[in-house]
Amino acid sequence: TKQGIVMELKKLNKRRNEQVEDALASALTQIEEKKYSQELLDRGIKDILKLGIVADGKRVWVKEAVR
């Protein structure tokens, strides 16, 4: 009945002219590829919130993975 949260934080790479949406997508892809939620699943937690977070100075963007 507990909820788990997995977050991947990234800094926006201005040198490569990285776009916010690309960085958010990259963060969510990394969560899936590296199976960050597996430990929660092993503990029986099935309700898992996956968040990609991108920062650029004081500006922050958050995107939730589709469940």
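Let me start with a question: in which sense do E1 and E2 pair, and over how many bridges? The answer is parallel, over nine bridges. Two strands pair here if DSSP finds at least two bridges between them.

Before I go on, a word on the ground rules. This is a predicted model, where local features need pLDDT of at least 70 and side-chain atom pairs count only at pLDDT 80 or more, while totals for chains, interfaces and linings use all residues. Residues are numbered from 1 along each chain as its sequence is written, and side-chain values use heavy atoms, with hydrogens and water left out.

Now the overall layout. The chain has two helices and three strands, and from the N terminus the elements run β-α-α-β-β. Helices (H or I, at least four residues) and strands (E, at least two) are DSSP runs, numbered from the N terminus. Taken along the principal axes, the C-alpha atoms fill a box of roughly 40 × 20 × 15 Å. For contacts, meaning heavy atoms within 4.5 Å, residues 24 or more positions apart account for 57% of those with a separation of 6 or more.

Back to the strands. The hairpin of E2 and E3 has two residues between the strands, and Gly-57 takes a positive phi near 65 degrees in it.

Is E2 mostly covered or mostly open? Mostly covered: eight of its 10 residues are buried. By buried I mean under 20% relative accessible area, with exposed being over 50% and partly exposed in between (1.4 Å probe, protein chains only). Across the 67 residues of the chain, 34% count as buried.

That brings us to the cores. A nonpolar core is a set of buried Ala, Val, Leu, Ile, Met, Phe, Trp, Tyr and Cys residues joined through side-chain atoms within 4.5 Å. The largest has seven residues: Val-6, Leu-28, Ile-31, Leu-40, Ile-45, Ile-48 and Ala-65. Another core, of five residues, lies apart from it, with Leu-12, Val-20, Ala-23 and Leu-24 among them. Val-20 sits in helix H1 and is buried at 19% relative accessibility. Leaving aside neighbours within four places in sequence, Val-20 contacts Leu-12 and Trp-61.

You'll find Ser-37 in the loop between H1 and helix H2 (38-42), and it is buried, with a relative accessible area of 8%. Beyond its neighbours within four places in sequence, Ser-37 touches Val-6, Ile-48 and Lys-50.

On to charges. How many salt bridges does the count come to? Six, where a salt bridge is a side-chain nitrogen of Lys or Arg within 4 Å of a carboxyl oxygen of Asp or Glu. One joins Lys-63 and Glu-21, at 3.6 Å from N to O. Lys-63 lies in strand E3 (residues 59-64) and Glu-21 in helix H1 (residues 20-33), so this pair ties together parts 42 residues apart in sequence.

Another links Glu-32 with Lys-50, with the closest N and O atoms 2.7 Å apart. Since Glu-32 is in helix H1 and Lys-50 in strand E2 (residues 47-56), that pair ties together parts 18 residues apart in sequence. Here Glu-32 is partly exposed at 45%, whereas Lys-50 is buried at 17%.

Glu-39 and Arg-43 also meet in a salt bridge (3.0 Å, N to O), and Arg-43 is exposed at 62%. Finally, salt bridges link Lys-14, Asp-56 and Arg-59 in a network.

Last stop, the surface. The accessible surface comes to about 5300 Å², of which 48% belongs to carbon and sulfur atoms; such areas come from the Shrake-Rupley method with a 1.4 Å probe, and for residues only the protein chains shown count as cover. Ile-5, Met-7 and Leu-9 form a nonpolar patch with about 320 Å² of accessible area together. Patches are made of residues with over 30% relative accessible area and no salt bridge, with like charges joined within 9 Å and nonpolar side chains (Val, Leu, Ile, Met, Phe, Trp, Tyr) within 5 Å. Met-7 belongs to strand E1 (residues 3-11) and is partly exposed at 47%.
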